Amino acid sequence: MSETVLQTGVDIAGLSFDPVTVSEPLMWLVLAAFLGSVAVAQYDEELARPVGTVGWVLFAAYWLVLAPHFILIQKSVVEGLGSVIAVPLSLYTGYLLWNGRESLLVLTRAIGIMGVIYVPFLTIGPLRQTIIEVVTDQVVFLMTLIGYDPMVVDGLSHNGIDIASKQYPYENTFWFDGNERPITYTIILACTGIGSISIFAGGILAVKAPWRRKLRVLVVAVGIIYVLNLIRNLGIALAFGLQKAQFFPGTVMALFGLSDAQLVSYYIVDRMLAQFGSVIVLVGLTWVLMRELPELTVIVEDLLFLVTGTEYDLGTTFEKDQSESGPATPGDD
């Protein structure tokens with residue numbers, strides 16, 4: 001992901017505000033409510049439901065505030081649509097939890113754990129810098145393997161040209177000459193894969209299953225996501241920096257409201273191909289992981305019910321698949 005604009009604020013109906021700044025206190029309230037629900041559930045699941053319900057209502061507010069950022073600033077179809085859909089789904093989840101669907105306490109616990117993993121990278125500068133620069137270095141290594149010698153500069157400016165937000169003054173920006181104007185691709189936190197990793201880690205660690213099996217599945221999930229994310233960054237950086245995806249420029253510029261034709265490659269490869277492809281890959285990965293950890297089906301079943309209104313029984317299918325695959329590994333249970 002590259003920060004191609006310096007703007008962070010939006011104007012809606014004459015009201016100017018910065019969605020990211022406004023969302024930060026909401027993020028802490030959401031995390032506190034979800035973790036509070038987890039703690040209370042250890043002693044009283046009945047009391048944990050209203051605490052979790054408050055968390056889901058706040059979660060809806062969080063996505064409502066962030067939606068303009070993804071739609072108007074990032075111009076991301078996947079993230080924009082996802083944030084809009086998340087608002088009613090979060091409210092509906094809170095409603096169902098309040099009315100006694102206790103299985104949603106597992107999903108609530110998963111979101112809480114996800115926050116515990118993700119929020120430190122978002123809020124602790126040295127931790128954020130470390131993961132961003134490590135990912136940048138590894139993408140550089142992959143580029144050299146296929147014959148490119150990339151120039152990496154800090155995320156502030158180079159040769160007097162402003163690059164990206166001052167939030168990321170690290171050695172994390174690829175600089176490409178040889179075009180009409182220099183092109184930069186900046187690795188930010190969203191490019192590190194920590195978001196997807198935290199989602200899967202939250203789900204895996206939230207379910208009730210033997211720890212040995214959960215940790216084994218977690219290692220596989222993290223490894224797959226991390227490697228695929230490096231390949232994604234490599235593809236976006238080269239396609240954008242070398243202008244290899246200048247397809248239907250007029251249509252793409254009109255669709256995303258672009259004024260710079262050089263951004264066409266970036267929006268095609270990242271906003272369209274990579275983001276939609278990531279959704280497909282993560283759905284497929286979830287299916288694979290459920291074969292190894294059938295307990296994950298309780299979360300997936302609830303998510304499917306929230307979206308379709310239909311009850312599903314995936315647990316029986318995946319538990320059968322696992323039993324047919326052979327005897328359990330000693331120490332699993």
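The legends below describe close-up views of a predicted model.

In this predicted model, local features need pLDDT of at least 70 and side-chain atom pairs count only at pLDDT 80 or more, whereas totals for chains, interfaces and linings use all residues. Residues are numbered from 1 along each chain as its sequence is written, and side-chain values use heavy atoms, with hydrogens and water left out.

View 1. A cavity is a set of points, on a 1 Å grid over the protein atoms alone, where a 1.4 Å probe fits but cannot get out, and lining residues have an atom within 4 Å of a point; grid points are joined across faces, edges and corners, and a volume is the space filled by probe spheres set on the points. The lining of the largest cavity consists of Ser37, Val38, Ala41, Leu105, Thr108 and Arg109, and the elements that give two or more residues to this lining are α1 (19–41) and α4 (104–123). Helices (H or I, at least four residues) and strands (E, at least two) are DSSP runs, numbered from the N terminus. At least three lining residues come from each of domain 1 (7–101) and domain 2 (104–324), with domain bounds taken from an automatic or database domain assignment.

**View 2. The annotated active site.** The UniProt annotation "active site", from an unreviewed entry, covers Cys191 and Arg232; such annotations may be inferred rather than shown by experiment, their feature names are shortened, and their positions are given in the numbering used here. These residues span 42 residues in sequence, yet no two of their C-alpha atoms are more than 8.9 Å apart, so they gather at one spot. Cys191 belongs to the loop between β7 (183–186) and α6 (194–206), while Arg232 lies in helix α7 (residues 211–241). With a relative accessibility of 0%, Cys191 counts as buried, where buried means under 20% relative accessible area, exposed over 50%, and partly exposed in between (1.4 Å probe, protein chains only).

**View 3. Surroundings of Tyr118.** Tyr118 is a residue of helix α4 and, at 25% relative accessibility, counts as partly exposed. Leaving aside neighbours within four places in sequence, Tyr118 is in contact with Leu189, Ile194, Gly195 and Ser198, contact meaning heavy atoms within 4.5 Å.

View 4. The UniProt annotation "transmembrane region" (unreviewed entry) covers several stretches, including residues 217–241 and 273–290. Residues 217–241 are 100% helix and 0% strand, with end C-alpha atoms 36 Å apart. Residues 273–290 are likewise 100% helix and 0% strand, and there the end C-alpha atoms lie 26 Å apart.

**View 5. Loop residues with positive phi.** Although not a glycine, Lys75 has a positive phi of about 50 degrees; Lys75 is found in the loop between α2 (45–73) and α3 (77–98) and is partly exposed, with a relative accessible area of 24%. Gln243, also a residue other than glycine, has a positive phi near 55 degrees. The loop between α7 and α8 (249–256) contains Gln243, which at 18% relative accessibility counts as buried.

Technical notes: On a 1 Å grid over the protein atoms alone, a cavity is a set of points where a 1.4 Å probe fits but cannot get out, and a pocket is an open set with protein on both sides within 12 Å along at least five of seven lines; lining residues have an atom within 4 Å of a point.
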